[in-house]
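Trainee: Could you walk me through this one while I have it open?
Mentor: Gladly; let us take it piece by piece.

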Amino acid sequence: MAMNTAGRSGQYFDDLETMRSEVREQYLNQRLSQVVSHAYYHAPSAREILEKAGIVPSQISTIRDLEKVPIIRKPDLIEWQRRRPPYGGFLAVPPEDVERIFISPGPIYEPLHSSRIKWFARAFYAAGFRKGDIVVNTFSYHMSPAGILFHEALRDCGATVVVIGTGNTEIQLQTMLDLRVTGFVGTPTFLMTVIKKAEEMGHDFRHDFALERAWFTGEMLPLSLRKTLETDYRITTSQAYAVTEPGGAIAYECPQQSGMHFMDDYVIEIVDPETGKQLGPGEVGEIVVTPVHNIAWGLVRFGTGDMSSYTTEPCPCGRTAPRLGALVGRTSDAIKVRGMFVVARQAEQVVLSFEPVSRFQIVVKRQQQRDEMGLRVELKDEAADREQLAAELGEKFQNLCRLKLDRIDFVARGVIPEKHQTIVDERTWK
Ligand SMILES: [Zn+2]
């Protein structure tokens with residue numbers, strides 16, 4: 001794939017980003033069948049998993065076929081690596097061909113055979129990083145992939161990188177000032193810490209600093225914080241969804257800031273975490289990824305534990321990959337109601353966005369062979385118009401969580417204890 005050479009005005013990093021959807025499907029299917037076959041013949045544990053499921057590689061020729069493959073999650077990987085050190089039987093190249101080994105908490109050892117993989121570069125390019133930018137990379141350069149991979153990807157976009165790593169707000173601040181840094185790579189919280197510190201020291205951040213753009217991952221970017229950074233400090237913000245174990249950025253934002261485009265170096269599925277079945281656009285499920293760029297790592301179907309949904313609606317930016325929505329929570333705080341998942345954190349975002357609400361709880365019951373989902377609400381303000389509130393709440397809940405509430409009950413203050421579960425499952429199955 002040829003890199004776009006149009007400099008700062010070039011819109012796309014490479015041709016993959018604008019593939020027609022049929023071409024993408026073909027491309028990914030082909031890569032997928034290659035990596036599955038490679039893993040089967042070179043990584044003993046990958047083979048064992050497939051054999052146990054009664055699968056031979058020739059049966060995996062499309063993304064849809066992946067449904068047959070069991071999902072591996074972080075605890076499984078830790079266990080495999082404990083039993084078969086150091087890579088758990090997932091290394092699919094000769095050990096001497098491993099260029100780098102990353103270490104994630106667990107520990108999990110992640111082999112990478114080639115640093116020539118460009119997958120993060122697309123994310124930084126879409127965020128506007130180019131030659132002429134001077135960027136502080138505030139992610140750690142040791143153990144985890146973040147520091148070094150982001151560094152190289154920024155270089156692929158032409159930017160100059162300050163090898164600063166994590167921590168030490170005052171040094172970060174001084175460096176940004178002295179070097180006229182234009183780009184920040186890190187977490188939104190850390191950028192805000194740096195800005196606040198600068199202000200404490202008497203700086204006018206917008207005036208004294210040259211920061212133009214910031215790229216975030218590893219943390220939620222709340223809308224209010226994004227607005228503060230963009231409006232008050234005039235910093236263009238961008239974010240990506242990355243997961244360490246399969247090795248990188250899974251999805252990334254374009255300037256439209258409306259979801260994160262799937263990265264074409266992975267096969268990305270949104271699935272029902274209980275059955276492993278693939279879900280369609282708009283349905284909330286677990287993000288499951290299969291890297292198709294790193295043949296050293298025979299991981300097929302890694303379950304991230306993160307819940308989200310995706311859309312295939314065309315994006316005005318011209319990138320054609322589907323877009324991942326915001327993360328709505330973890331599989332551990334999701335329950336299935338009428339075949340759809342409700343995630344505690346997503347429900348919180350919806351319900352607590354209503355000013356008069358102080359506490360709430362979702363109660364799921366089984367009534368006449370049907371799941372009944374009720375919302376109990378405590379109000380801060382007893383004078384609130386309950387009828388109107390119930391109507392608005394019900395509508396917003398259905399729009400965002402895609403499930404209809406059967407009832408909304410306003411309860412007296414104190415009925416819901418201070419420490420309470422967001423979702424209570426009272427269903428009994430007879
Ligand atoms: Zn886009």
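**Strands, then helices**

Mentor: Strand β4 (residues 134–137) pairs with strand β6 (residues 183–186) in the parallel sense over three bridges, where strands are DSSP runs of E with at least two residues, numbered from the N terminus, and two strands pair if DSSP finds at least two bridges between them.
Trainee: What stands opposite Val 135 in β6?
Mentor: Gly 183 does. Before we go on, this is a predicted model, in which local features need pLDDT of at least 70 and side-chain atom pairs count only at pLDDT 80 or more, while totals for chains, interfaces and linings use all residues. Residues are numbered from 1 along each chain as its sequence is written.
Trainee: And which order do the strands of the open sheet have?
Mentor: The nine strands run β5-β4-β6-β7-β8-β9-β10-β15-β14, with mixed pairing, and the edge strands, each pairing on one side only, are β5 (160–162) and β14 (310–311).
Trainee: Switching to helices, at what angle do α10 and α11 pack?
Mentor: Helix α10 (residues 344–351) and helix α11 (residues 386–401) pack at about 145 degrees with axes 10 Å apart; helices are DSSP runs of H or I with at least four residues, and axes are lines fitted to C-alpha atoms over the stretch in contact, with angles from 0 to 180 degrees between N-to-C directions.
Trainee: How much of the protein chain is buried?
Mentor: Buried residues make up 38% of the 430 residues, a residue being buried if 20 or more other C-beta atoms, placed from the backbone, lie within 10 Å of its own.

How values were computed
Buried ≥ 20, exposed ≤ 12 C-beta atoms within 10 Å, placed from the backbone.
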